[in-house]
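Please work through each task with the structure open before reading its solution.

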Amino acid sequence: MEYFRNPNCECANYIDINSVDFSKRKDVKEFWMGGYIYKNGGSRECDCHKQFRRIQLYDMAARRFDLPLFEELKEMKYTGDQSVWEKYKKMPTLAEEKKLKDLIVYVYGPFGNQKTTSTAKVIKNLILKEKTTEYIEFPELIEKLNNKNEDLSNLIYADWLFIDDFLMNGTLNYKSPYIALYNLILKRKKPTVLITEYSKEQLFSESELKQKPFYDTSLLNKLFSRIDKYNSILYFPDNLDKQQILKNGKVDLWS
């Protein structure tokens with residue numbers, strides 16, 4: 001994405017110093033250069049460059065996290081249950097206003113209902129507000145937790161942590177990395193979002209899940225006591241009447 005000065009930005013009132021003859025530049029007291037307005041001996045970033053820089057930050061994160069880029073995401077419109085999307089979208093603002101540092105949000109629903117794409121939109125909004133944000137898939141996180149030499153500081157101290165495919169597709173069959181997972185989430189002093197296909201009821205009732213190495217009744221209870229504290233469970237339901245069936249047979253909620 002290339003940067004262009006926005007004619008509606010305040011910076012439009014300031015001349016680009018690079019357009020001034022070199023010999024005359026020392027006489028220009030107020031000017032714009034490389035995204036910054038220089039005035040009265042100081043400088044400040046103009047709004048259009050600030051927005052551009054934040055979009056670049058999101059795109060860097062999106063490439064690292066394998067999420068849609070800003071321009072791709074901009075074209076996507078959710079056509080499922082609008083109420084759940086509105087709650088998800090407003091969640092960071094509510095958390096900041098109410099100072100909910102211990103917030104854990106549990107996002108669940110069937111495969112293919114665009115939980116991850118919705119999460120990308122939330123991450124985009126956070127990065128545009130310059131919040132440090134980390135996104136990681138559950139299997140990768142378990143591998144990191146199993147590696148005693150892994151630096152987890154970015155996950156521990158990020159303003160927001162998103163864990164996708166939570167409790168799904170774990171590759172290790174012993175309990176220690178999963179216990180470390182719960183401890184990481186419960187000890188974080190900033191909001192955490194868990195995205196999964198499992199409902200709370202499934203986790204506590206399905207016998208097959210109780211055989212999984214991640215299963216620990218005490219730790220699950222601690223986790224959901226934090227989630228229930230703010231009633232922060234978001235369900236992305238099936239919306240077959242609103243889904244667009246593409247020619248290749250795939251379903252797209254973001255048409």
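**Exercise 1.** Which residues line the largest cavity?

*Solution.* Bear in mind from the start that this is a predicted model. Begin with the search of the whole structure, which finds one cavity of 30 Å³ or more, and take its volume, which is about 30 Å³. Next, read off the lining, which is made up of Lys175, Tyr178, Ile179, Tyr182, Pro213, Phe214, Tyr215 and Asp216. Finally, sort these residues by class, which gives six nonpolar and two charged residues, with no polar ones.

**Exercise 2.** Describe the largest pocket, and state which element gives the largest share of its lining.

*Solution.* By class, the lining divides into seven nonpolar, six polar and six charged residues.

**Exercise 3.** Repeat the analysis for the second largest pocket, whose volume is about 290 Å³.

*Solution.* Here 13 residues form the lining, and the closest to the centre are Met91, Leu94, Tyr230, Asn231 and Ser232. Helix H3 (82–97) and strand E8 (233–235) are the elements that give two or more residues, with H3 supplying the largest share, four residues. The classes come out as nine nonpolar, two polar and two charged residues.

Definitions and conventions:
Residues numbered from 1 in each chain as written. Predicted model: local features only at pLDDT ≥ 70, side-chain atom pairs only at ≥ 80, totals over all residues. Heavy atoms only, no water. 1 Å grid on protein atoms, 1.4 Å probe; cavity = no way out; pocket = protein on both sides within 12 Å on 5 of 7 lines; lining within 4 Å. Points joined across faces, edges and corners; volume = space filled by probe spheres on them. Nonpolar A, V, L, I, M, F, W, Y, C, P; charged D, E, K, R; others polar.
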